[in-house]
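Please keep the sequence and the coordinates open while reading.

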Amino acid sequence: MLYRENGQFKTSYRADLQIFPILQDRWTILALLAFAFLVVPSFASDYYFRAILIPFLIMALAALGVNILVGYCGQISLGSGAFMAVGAYGAYNFFVRIPDMPLVPALILGGLCATAFGIVFGLPSLRVKGLYLAVATLAAQFFADWMFLRIKWLVNDSPSGSVSVNGLQVFGLPIESGVSKYWFCLTVLCIVALLAKNLVRSAIGREWMAIRDMDVAAAVIGIRPVYAKLTAFAVSSFIVGMAGALWAFVYLGAWEPAAFNVDVSFRLLFMVIIGGLGSITGAFFGAAFIVVLPIFLNQFLPFAASLVGLSVSTEAASHAELMIFGALIVWFLIVEPHGLAKLWSTGKQKLRLWPFPH
Amino acid sequence: MMLPRKLLALAAITAAAATLAPSVAFAQAKEQFFPLLSYRTGPYAPNGTPWANGKQDYLKMINARDGGINGVKLTFEECETGYATDRGVECYERLKGRPGMTLFDPQATGITFALTEKVDKDKIPLITLGYGLSVAQDGNAFKWNFPLMGSYWTGADILIQAIGKKEGGLDKLKGKKIALVYHDSPFGKEPIPLLQERERMHGFKLDLIPVTAPGVEQKAAWLQVRQLRPDYVLLWGWGVMNSTALKEAQATGYPRDKMYGVWWAGAEPDTKDVGEGAKGYNALALNTAGTQPKVIQDILKFVHDKGRGTGPKDEVGSVLYTRGVIIQALGVEAVRRAQERYGKGKVMTPEQVRWGLENLALDQKKLASLGLDQVMKPISTSCADHMGSTTARIETWDGKQWIVHPEYYTADEQIIKPMVKAGADKYLADKKLTRRAASDCAS
């Protein structure tokens, strides 16, 4: 009843091309943004910022990047962890080697390093597809692991291979407290999400989707596969690289190559699949599912058991956490193969017709 | 379509309920809280589990036997990290704000690196017994880090001394080949600078052979060992890597008595599965094992016999279990020491505990009263020295159990001190920090 577009007439192309054509959506998004920027900082504790919200935001950003490549362009990648690592170490090198390097340009330069790396490892996509490409991008993962463990120069000659940054600031404002880190990550995420959304709506985004749906047909109607695939790799790895730099700089503070190992690649792929392939919203749902759910289960299970008078050992809780998590993934893939984003849009669709479904 | 949405709604409601729960569940009481970061899952679980059990059982024993520290009850909560840095950071953030917060022992080198930055801002001490950042021995630079009883540099130094002794003098090492088979992570790479320093001093040749974490794939590494034919192999492994290395050595035909492991490669889970195949393998012993020490007897009596033990009873007194006990005992003693200054029977703040850690003085008599006299050497820390003791022994696997040799080795101060100082200075310069003032030591 409330969620209906009756009476909302579009009289210009501009109005017709809006990201959120329905008024209620626009208001919801504005309210959500206001909530995220203003209300959340006023009640969330330091723990929520540092342990849940910040990793969620950064992983959502990374999932957004992976989704462009996997969801929109159909190039399955298992090298996302490597792109994150290149972004993190790239940004780190710019940050420590150039005196007084500001944080934001360092992050962007880190993202550009990842772009270059992504394009190089995207080249096989011109010849191989699907699972074969997934294996080829796995090479990027192993190469990055090797590179950051072996090439001393990249880790600023740190004997243990572990590096750290401090004194982060943006325009003179220190990024130290949980709230400031949260705001910073949220701002970056909002800007990138907006850019990404517009990108996938534009000509290049439609080229990506055409390549994804049927590359031969796309080529026949004049889309250059080389250009489309490599731009998808470039844009995706730029975003993933930025996320990697944020993960290292803002979340961990000190990190080693293992922070970006193949597990991270898999987790990012899960986020995209569970969140929803080819959907910007899906990246947020997927990140929330993969980042927040294990932490939530880890704390919730002992609590739930104590309600019924049982005590759960740490060991049992972690094993149960893994089992429940795995079962939920399988359940989601069976019940809703298009991801949480599809569930969301189905819900919206039903709301539009409610209470008179047809 | 209705079923999943109803379930989702249910999940959302339970989520909301659970997020509110932790703040309610913990009442403000006269309790000293010990966060226990541990890993009972993942590739390092076989070694992480007895360690975590020992830590937990000691706290239970102090509560059961003494009723806490001067009447202050000890509480604890475990948080599973799985040895992953990001989960470790999450655990730290989750537990650091608890009332009665004492100190952290992250149980992983990677997590230690990530937390070193954070504890300085949060003012919470970080103890890393036998692991962590070697340069953190310099208490004037690292105010909140305590690598008690030894770091990877002291461990590596003692291993070279032991090998030198076996050869009949350190000068006999000239021209020899020593290979370091190490876990390719900060943990495995930490000893390299010291070994290179010793290489320069004695003229042996150091070969570095990395093994990718977690270390189950070592064929290439042992092929390299076979090619290089080193006189000695130093094993810097953890978890499954150790037993795999011993099996590979057996398969390669590399003599096990020429292999020397760090103290994290010298526990029962590392050699038990290899059994006779590991016979002759040596490792550093930071502590003894066995159920004879009084502290272990007390744990059996007050915790396990009452059916409140954490792990299986037959694991009590194993090498890593005992190490967990020592770690927790030193943490508890730091609180006791702090209470002597800031008021007995009070809950100590992390800053007060830090003072206690910096002024630990456990001599033989004190250790005997704790039941730890047969287990470890006396330890005394200071403002400048956050390690307190740098001794260790060598132990050998006889096919069934570890035999600890009686002789103690002490790391060479003359080599380690300048390296620690230089490393700490570099750290401070990188971070644009300054050394602590002398007046800060009194606080």
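Arg87(B) forms a salt bridge with Glu321(A), and the closest N and O atoms of the two residues are 3.3 Å apart; a salt bridge is here a side-chain nitrogen of Lys or Arg within 4 Å of a carboxyl oxygen of Asp or Glu. Side chains of opposite charge can pair when their charged atoms come close. The model is a predicted one, in which local features need pLDDT of at least 70 and side-chain atom pairs count only at pLDDT 80 or more, while totals for chains, interfaces and linings use all residues. Residues are numbered from 1 along each chain as its sequence is written, chains are lettered from A and ligands numbered from 1 in the order in which they are written, and side-chain values use heavy atoms, with hydrogens and water left out.

On the side of chain A that touches chain B, at least two residues each are supplied by α3 (46–72), α6 (130–150), α10 (225–252), α12 (280–307), α13 (314–335) and α14 (339–353) of chain A, helices being DSSP runs of H or I with at least four residues and strands runs of E with at least two, numbered from the N terminus. The most comes from α13(A), with eight residues. By class, this side of chain A has 19 nonpolar, 11 polar and 10 charged residues, where Ala, Val, Leu, Ile, Met, Phe, Trp, Tyr, Cys and Pro count as nonpolar, Asp, Glu, Lys and Arg as charged, and the others, Gly among them, as polar.

In terms of contact (heavy atoms within 4.5 Å), 40 residues of chain A meet 39 residues of chain B. The area buried between chain A and chain B is about 3,700 Å², of which carbon and sulfur atoms give 59%; buried area is the accessible area (1.4 Å probe) that two parts lose on being put together, summed over both. In chain A, Ser160(A), Glu256(A) and Thr314(A) lose the most area to chain B, together 14% of what that side buries.

Turning to the chains themselves, chain A has 14 helices and four strands. The radius of gyration of chain A, taken over C-alpha atoms, is 21 Å, close to the 21 Å that the globule rule gives for 358 residues, so chain A is as compact as a globular protein of that length; the globule rule is 2.2 Å times the number of residues to the power 0.38. Chain B contains 16 helices and 14 strands, and its radius of gyration of 22 Å is close to the 22 Å from the globule rule for 443 residues, so chain B is likewise as compact as a globular protein of that length.

Chain B is divided into domain 1 (28–150 + 290–380) and domain 2 (153–285 + 395–411), with bounds that come from an automatic or database domain assignment. The contact between these domains takes 23 residues from domain 1 of chain B and 21 residues from domain 2 of chain B. About 1,900 Å² is buried between domain 1 and domain 2 of chain B, and carbon and sulfur atoms give 66% of this area. The count between these two domains is zero salt bridges, but eight residue pairs are in polar contact across their interface, both residues at pLDDT 80 or more. On the side of domain 1 of chain B that touches domain 2, the elements that give two or more residues are α2 (45–66), α4 (109–122) and α12 (319–342) of chain B, and the largest share, four residues, comes from α2(B).

Within chain B, the side chains of Glu90(B) and Arg94(B) meet in a salt bridge (3.0 Å, N to O), and both residues lie in helix α3 (residues 85–95) of chain B, four residues apart, about one turn of the helix.

Definitions and conventions
Polar contact = N/O pair within 3.5 Å; in protein donor to acceptor, adjacent residues only side chain to side chain.
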